[in-house]
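Here's a quick briefing to read alongside the 3D view. Have the structure open and click on each residue as it comes up.

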Amino acid sequence: MSDTDTDTTDARTDGGGTGIVAPDDETPTWRERKERTEGLSRLTYEYFERARREDEDLRRESDYVERDVLAFPTWPHEVIRNLAIGSFFVGMTLFLAATLPPHIGAPADPGSTPAIILPDWYLYWSFGLLKLGFLNPELSILGGSKLMADRTYGVLANVVVVGFVAIVPFLNKGAARRPVEQPFWAAVGVSGVTFAFTISVLSIKNLMPMSVNLINDLAFLLPIVTACVTYAVLKTMREGYMYDLNRRYYRLRPPK
């Protein structure tokens, strides 16, 4: 290879690459990019196109099948991407708000109490815990009266549930990223989500076309059933998952 070819290669590539990505000294400035752009869509296209080409460079130059991780600068790469994604969701929210406006009911009448009083939907689970009076036992040693009022019992139930949710991250200190890696804690999470749903149904049991006793039973039995099913399924999948993971690990990092 002649000196001319060497100079041409050095000018085209940045550090001996494949020449797909422009060298740093030839990267256009923000002003030059702004003069030739056609709006946010053009900037977004340039970002993803450069990211794809740099990713391809790494794949070709890497010694292993698993490539190194490449980072991008915050400005303008990450800012443009986040701006594009954020603009899309904001636009969809404004579109739905304009085309499907929420129904506004009649103003509240302070002189009459409504027949059904419910909190916002995301507080149904807490409202359902206040209706656990059927679990508050009547003690014969107290002459058939309850140890505490149903209202106090419901408040303590909220404290117990919130306290359990807060302490779970301190109990599970593993580094698993997938449910199949820790079936037990995955089952705990599924049972918690199921319990939040069933206890929310319990809060509006007077509106459900079901037996009240059946709703009370399902509120506590259904989370246990879903936890057992989740644990059993993930436990059977774990052996095959770990086998594939180990095989992929040794294929990517062959022994020297």
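Let's start with a pair of side chains: Glu 181 forms a salt bridge with Arg 178, and their closest N and O atoms are 3.5 Å apart. A salt bridge here is a side-chain nitrogen of Lys or Arg within 4 Å of a carboxyl oxygen of Asp or Glu. Keep in mind that this is a predicted model, where local features need pLDDT of at least 70, side-chain atom pairs count only at pLDDT 80 or more, and totals for chains, interfaces and linings use all residues. Residues are numbered from 1 along each chain as its sequence is written, and side-chain values use heavy atoms, with hydrogens and water left out.

**Salt bridges**

- By the salt-bridge rule, the count comes to three.
- Why can such pairs form at all? Side chains of opposite charge can pair when their charged atoms come close.
- Arg 178, from the opening pair, is partly exposed, with a relative accessible area of 47%. (Buried means under 20% relative accessible area, exposed means over 50%, and partly exposed is in between, using a 1.4 Å probe and protein chains only.)
- Glu 78 and Arg 81 also meet in a salt bridge, at 2.6 Å from N to O. These two sit three residues apart in helix 4 (residues 74-99), so they are separated by about one helical turn.
- Buried or partly exposed: which is Glu 78? Glu 78 counts as buried at 17% relative accessibility, while Arg 81 counts as partly exposed at 28%.
- Lys 146 and Asp 150 make another salt bridge, at 3.0 Å from N to O. Lys 146 is partly exposed at 28% relative accessibility, and Asp 150 is partly exposed at 33%.

**The overall layout**

- The protein's secondary structure comes to eight helices and two strands. (Helices, H or I with at least four residues, and strands, E with at least two, are DSSP runs numbered from the N terminus.)
- From the N terminus on, the elements run α-α-α-α-α-β-β-α-α-α.
- Of the 256 residues in the protein, 20% are buried.
- The protein exposes about 19,200 Å², and carbon and sulfur atoms supply 63% of that. (Accessible areas come from the Shrake-Rupley method with a 1.4 Å probe; for residues, only the protein chains shown count as cover.)
- Among contacts between residues at least 6 apart in sequence, 62% join residues at least 24 apart. (Contact means heavy atoms within 4.5 Å.)

**Helix 7, helix 8 and the core**

- The largest nonpolar core has nine residues: Leu 129, Leu 132, Ala 157, Phe 195, Ile 199, Val 201, Leu 202, Ile 215 and Ala 219. The elements giving two or more residues to this core are helix 7 and helix 8, and helix 7 gives the most, with four residues. (A nonpolar core is a set of buried Ala, Val, Leu, Ile, Met, Phe, Trp, Tyr and Cys residues joined through side-chain atoms within 4.5 Å.)
- What does Ile 199 touch, leaving aside its neighbours within four places in sequence? Ile 199 is in contact with Tyr 124, Trp 125, Gly 128, Leu 129 and Leu 132.
- Thr 194 sits in helix 7 (residues 183-203) and is buried, with a relative accessible area of 13%. Beyond its neighbours within four places in sequence, Thr 194 is in contact with Leu 222, Pro 223 and Thr 226.
- Ser 191 is in helix 7 too, and counts as buried at 17% relative accessibility. Leaving aside neighbours within four places in sequence, Ser 191 is in contact with Pro 223, Thr 226 and Ala 227.
- Now click on Leu 218, in helix 8 (residues 212-252), which is partly exposed with a relative accessible area of 32%. Leaving aside neighbours within four places in sequence, Leu 218 is in contact with Thr 198, Met 210 and Pro 223.

**A nonpolar patch**

- Leu 218 also belongs to a nonpolar surface patch with Met 210, Leu 214, Leu 222, Val 225, Val 229, Val 233 and Met 237, with about 620 Å² of accessible area together. (Patches are made of residues with over 30% relative accessible area and no salt bridge; like charges are joined within 9 Å, and nonpolar side chains, meaning Val, Leu, Ile, Met, Phe, Trp and Tyr, within 5 Å.)

- The protein averages a pLDDT of 77, and 71% of the residues score at least 70. (pLDDT is the predictor's confidence in each residue, from 0 to 100.)
- Confidence is lowest in helix 1 (residues 3-12), at a mean of 46, and highest in helix 7, at 93.
- Over residues 4-21 the pLDDT is below 50, and this stretch has 25 contacts in the model beyond near neighbours in sequence.
- Where pLDDT is low, the predicted coordinates should not be read in detail.
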